[in-house]
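Dear colleague,

Please find the structure below, handed over for your records. My findings follow it.

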Amino acid sequence: MNAKSDQDLLLDHNYDGIQEYDNPLPGWWSGLFVGTIVFSVLYLLYHHSGVEGRSIYDEYEREAAEVFEKRFAELGELSPDKETILKYANDPKWLAVGEAVFKANCVSCHGDGGLGNVGPNLTDDYWKNVESVEDIAKVIANGAAGGAMPAWKNRLSHPNQIVLTAAYVASLRGKGGGGGKPPEGREIPPW
Ligand code: HEC
């Protein structure tokens, strides 16, 4: 206890016999509190003032693009042939890249998990433009049905994305549990 007695520290008021000490918040605590407010203002000004490249979305996109580039450098230039597509269709690490492309660009027409919407069901054994697995990459690159299925070769930032997306589409076959849009086209043998 310091020089003051307990009695000196007591505040005057008294609620049903309950009294309290005059204990101010410690300086470091108030300092921290004010600091967070100052930080939030600076943060808001820096990240949300609309300057290009400073929002967390822009930062995310930049970092994601860097990661993409690094990962693609690891792969080299993939060729859209049967062996390559089937190899990556069984490689969970790279399938995630195809899945991300699919979710961002294809789900609107092909439905969640490729079950079909405007575009055909990609999980069944019936295909309109595909006879063998490498045709998937061709359809993705060049489109089909006069643009009803858009061509993606100039829209995706890296050619490997087409191969990895084709691998993801190939991997969807048989995963629909028989649900989704009714079959279109003819039945083709397994990949
Ligand atoms: C604007 C709507 C639309 C978008 C977006 C779209 N597709 Fe399609 N896709 C279609 C349509 C429609 C067809 C059927 C074309 C036909 O009738 O021959 C199709 C066909 C296909 C086929 C061939 C299916 C078959 O039965 O032969 C594949 C594979 C395919 N799309 C993959 C993709 C992928 C991968 C993406 C995303 C990168 C994508 N599509 C984005 C509309 C779309």
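Three helices, α6 (107–110), α7 (133–142) and α8 (159–172), each supply at least two residues of the shell around the ligand; helices here are DSSP runs of H or I with at least four residues, numbered from the N terminus. With three residues, α7 gives the most to that shell.

This is a predicted model, in which local features need pLDDT of at least 70 and side-chain atom pairs count only at pLDDT 80 or more, while totals for chains, interfaces and linings use all residues. Residues are numbered from 1 along each chain as its sequence is written, and side-chain values use heavy atoms, with hydrogens and water left out.

The ligand is surrounded by 21 residues, the closest being Cys106, Cys109, His110, Asn129 and Met149 (a residue is near if one of its heavy atoms lies within 4 Å of the molecule). By type, the shell comprises 15 nonpolar residues, five polar and one charged (Ala, Val, Leu, Ile, Met, Phe, Trp, Tyr, Cys and Pro count as nonpolar, Asp, Glu, Lys and Arg as charged, and the others, Gly among them, as polar).

A nitrogen atom of the ligand lies 2.7 Å from a polar side-chain atom of His110. For Lys128, a polar side-chain atom is 2.6 Å from a ligand oxygen atom, and at Asn129 a polar backbone atom is 2.6 Å from an oxygen atom of the ligand.

Yours sincerely

Note on methods
A polar contact is a pair of N or O atoms within 3.5 Å; within protein, one must be able to donate a hydrogen and the other to accept it, and residues adjacent in sequence count only if both atoms are side-chain atoms.
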